[in-house]
Each structure stands twice: as C-alpha cells, then as structure tokens.
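Subject: The structure for you to look at

Hi,

Here is the structure I promised to hand over. Have a look around it first, then read my notes below.

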Amino acid sequence: MLVPAAAEARDVPLNSLGTSAGQAQRRADGTILLRPGATVRTDLAVREVHGVTVQLERRDRCSANLQVTARLGDQAASSVIGRTSRTVSFRLTAPAGTTRVSLSLTQLRDKAKDARAKKRRAQAKRRRAQANARGKAKASRRRVRSHRPRRLRPRRKVAVASPCQASLLLRGLSVLERLPLNAAMTTAHFGQDPFYQALFTQNFDGLTPENELKWASTEPQQGQFTFDAGDRIVNWAIANGKSVRGHVLVWDYQNSSYVTDPKDFYLLQHHWKRAELIAVMQEHILNVVAHFRGRIPEWDVVNEAFNDDGSYKNNVWYQVIGPEYIALAFRLAHQADPEAKLFYNDLGYEAGGPHTEAVLNMVRSLREQGVPIDGVGFESHFDISAGSITERMRPVLQAFANLGLAEEITELDVNTGPGGVDKLAAEAELYRQVARACVEQIACQRVTTWGYTDRYSWIGSDRQGLPFDVNYQAKPAWQALQAEARPAV
Ligand code: G3I
C-alpha cells in the first residue's frame, strides 16, 4: 500500500546496508545498483516505525516490470516499478527497538508477452495436430502402397532475443518514525466522568498511573499490599491496547506514614536501622514489581533523588541507607522482573546545570558498577517562560544517550500562570520545543504528558498546563505535539 512521504523521515545511510553478492553493486556516488535477485539489508535501532520510503531510479529500457519488496521485521510489502523512476512509500510498522529493514528486487514476467507466446504455442500445437492427423491418414494409405520411411518436415526455427538486463538504482532509504504520546491518568475519574477515558483512548498510546502505584497506594500498612486501583488502571490500559509505565517504586513523597514518620529523629522514639529499612524497601519492590510482571514493561525505580544544586535530597532513604539506596532499588527491581526496563526519573535537570551533572555522574557510576539501569526520565514540568528549550535540552539528551541509556519525557506540562487564552500560543511553542528535542534524539523514545485535560491537573485548571482544555477541546499545544511526534501519513 502506498503512502505519501512523511515530514519526519530518518535516512538510513546507504553505506550501512549489507548487500547480497552479485546482484547489488555499490557505486562511487554512494548509490546502489540493484539487479533482479538483489537484496540489501540492515539492522536498525528505531522508535516506533510506521513506514519505509525508498527512492528508486529505473536504469534500463526492458519491457518487464520490476517488483521491489520492502521488509520490516516480519512484515513485507511490495510495489511494482514500471519504466519510470519514483519514490515509493510502504506502510510497514514496527515497535521501538532493533528491527531489520531490507529491500529486494525481482523481475516480474511480462504478462502481455507471455500471453502472446502462449497463443502462438497453442496455434502451433493445433497446426501440428492437424498436420499429424493428415499425415496419419496419408501414411496409412501409403503403407498399403509402399514401406518407404516418412520424411519429416524440419521444424521452423524460432528466433530467441537476448534477455534484457533490468536494473534499478537505489538512491535513498528512510524509515518514518512515530514518537509514542502517552499521558498520566488516574482512576479517580474512572466511572465519574464519561469523557475522561474516551478522550484518552482516542488520542494517546499509553499511560502512567498518576498515583495508583505509589507506596501509599500499594503498601499502606507494612506488609499489606493493595493492588485494587493499580490492577484496575493497568488492566484497563491493556484491555484498550495501551502501554503502561510503572511509577514509582522509591520516592520521598506519597510514602505510607510507617515509612516516613520514623525519619523524625527528634520527635519519635524509634527510627529505622539501616538493615530494617533495606528490608522494608526490599519487601516493597519485590512484591510490587512481581505483582505487575508481564503487564508493566518499564518502571520508574527511583524518583527525584537530587536537589537543584546537585546535592542528594536528604530523604528517609538517603538518611538511613545512604546514596547506595539507589543502586539497591534497581537491583531489587531487576530481581523481581528481569525483563522490565528500569528508569531513574527526575525533574529540573532537563536543561543543564549542577542537577544535570549530579544525575549524569550518578547514572555513570551505576553503569560502572553493573547496576541494571536502562534509562532516564526527564519529567519536564516547565514554566511558560522556559524559552528556547530545544537548544538547552539537546546537549543534555545527547550526554545521557552517550552513556547508552534510553530516554523519555515522562511528565510534560507547561504552567502558563493564571488565566488567559493569550498564553496558549506560547505554551504550544514550548510543547513543540520539548517534543522536538526528543524527536531529534534517537535515544528519546516517548513523550508523556502529566495528565491531558486542564480539568484535572496537579497544577490546577487555571494554569492551563495540558494539551486539552477543561472542556476536552484540543489546544494549540496538542497540535504542536502531534505535528512533531506523529508526522502525517
Ligand atoms: O489520596 C488522598 C485522598 O484520600 C484525599 O481525599 C485527598 C484530599 O486532597 O488527597 C489525596 O491525596 C492526594 C493525591 O495526590 C491523590 O489525589 C494528595 O493530597 C496530593 O498531594 C497528591 O498529589 C500528587 C503529587 O504527585 C504528590 O506529590 C499528584 O496527584 C501527582 O500528580 C503528583 O505527581 C508527581 C509525580 O508523581 C512525580 N513528579 C512530580 C509530579 C507532580 O508533583
């Protein structure tokens, strides 16, 4: 099936393609000459792919049509190339990850020519049969008269044209990527507001439960786990074909009081001993992650461990366990679900500075220690005055990508300050800039907004932080986000 070329296509360097021996020939100008039977292929690290585009130039004057088949993972689509050069787009899809993309060329039989040849053969056969019949009748008459052997008439020679060498020049190959757009959601409005879930399912690819998986929700009393709300939202997402990010295992907010109250060393009799708190953390992580294993493919393991000056936050985990609580949390999460992708999530380090340096050093050190960390989440709670954010995020995203980490924008919203539709264009521009920073960096795999309608936003409806307004109408911010993340097909 053909689709028009999308605005956001990522070129695959032709020199990265492996070629089948013989039929594919690299040329000095970087293009590749393909003959029937040729295949070129490569393995690519991609985001979600929704198409493959190929620029081809027909080089021969043969009458036969050529067929180009594009394969993406285990999907394939073909297109017939006549005598003209063209760009062909194939609607092929693949999830984010490493996928094989290949192109192969076959020569189609010339149907009209085949039909003419068939007709000629049939006529000749008929003539031979008639001649045979006549010959037999004569022969039987002759047999009576003589026993002379019959002289066969020599067969007419058919001229065979030398086969035409078909060829196509491969001038370009690109994959059309799509950045998944997720949103945080909460069961608080499930069943209360008929539009809330519908708006989400129509517009987003996946969700992050806003509060349902936090400590206070999942283990309100020590050792007593409650997964009702978590199961409800996770199962609803899965039933609707949406992905889920798990948020969050270890944080300094929304903990149950038995975790945080003993941190007040001065007012309370008891405070945690290190081994005790490690045991508490272990029990929590192992139970929560194991409960959702197979349903939640990625987790924010530790949230917001640093202050903006780059120092560790003095939370209960840091006070009692020390900075090693972070490595420990990742190891425990990995133990509970070795398949899950594990993220460190934070805010205020998206655009450089001491906070960014602190997180970089921490994740570098985790990697060096062999701690199973797969990615970093940039919350991206921005203020409307944030300015040219793409420029400032670009080197930060690159620095974390250089460590081999996956990246996501995990909690995007833009605080416009109180009131006024006049702020919506500036808000949209900031949304566009954040999405652009992510689109540009291949390690950045997804944008999640922290909620989606201003009706329900942690910063308040009047701050107009989200891409849909209080009446569920799409704002300019939504158009901007879509234009960057979901190029038209
Ligand atoms: O659960 C109680 C409920 O029983 C009570 O009736 C109600 C009364 O106000 O409060 C409820 O708890 C609230 C909870 O959200 C659930 O609605 C808390 O007061 C409220 O503080 C809490 O706010 C959440 C906030 O995290 C806590 O820090 C927000 O909904 C949530 O959007 C926000 O999300 C965080 C991310 O997890 C991490 N990054 C920052 C982000 C924004 O703060």
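Of the contacts in the chain with a separation of 6 or more, 76% are between residues 24 or more positions apart (a contact means heavy atoms within 4.5 Å). Before you go further: this is a predicted model, where local features need pLDDT of at least 70 and side-chain atom pairs count only at pLDDT 80 or more, while totals for chains, interfaces and linings use all residues. Residues are numbered from 1 along each chain as its sequence is written, and side-chain values use heavy atoms, with hydrogens and water left out.

**The whole chain**

You'll find 12 helices and 20 strands in the chain; these are DSSP runs numbered from the N terminus, with helices being H or I of at least four residues and strands being E of at least two. The C-alpha atoms fill a box of roughly 135 × 50 × 50 Å along the principal axes. The chain has a radius of gyration of 33 Å, whereas a compact globule of 489 residues would have one near 23 Å (taken over C-alpha atoms, with the globule rule being 2.2 Å times the number of residues to the power 0.38). As for burial, 49% of the 489 residues count as buried, where buried means under 20% relative accessible area, exposed over 50% and partly exposed in between, with a 1.4 Å probe and protein chains only.

Helix H11 covers residues 424-440, and its 17 residues reach 24 Å from the first C-alpha to the last, close to the expected 24 Å. (The expected span is 1.5 Å times one less than the number of residues.) H11 is largely enclosed by the rest of the structure, because 12 of its 17 residues are buried. Among them are Leu424, Tyr431, Arg436 and Cys438. What do the buried residues of H11 pack against? Their partners are strands E18 (381-383), E19 (406-415) and E20 (444-449), plus helices H10 (389-402) and H12 (476-485).

Helix H8 (residues 324-336) has 13 residues that should span 18 Å, and its end C-alpha atoms are 19 Å apart, which agrees. Its buried residues include Tyr325, Ile326, Phe330 and Leu332. The buried residues of H8 pack against several elements, including strand E14 (243-250), helix H6 (274-292) and helix H9 (354-368).

**One residue inside**

Val54 is buried, with a relative accessible area of 0%. Leaving out residues up to four places away in sequence, Val54 touches Arg86, Thr87, Val88, Phe90, Leu103, Leu170, Gly172 and Leu173. Val54 and Val12 are 42 residues apart in sequence, and their C-alpha atoms are 10 Å apart in space.

**Some backbone details**

Which residues does a cis peptide bond join? The pair is His247 and Val248, with omega about 5°, and Val248 sits in strand E14.

Two residues other than glycine have a positive phi: Ser380 is near 65° and Tyr472 is near 70°. Ser380 is in the loop between strand E17 (375-378) and E18, and Tyr472 is in the loop between E20 and H12. Are they buried or exposed? Ser380 is buried at 0% relative accessible area, and Tyr472 counts as buried at 13%.

Cheers
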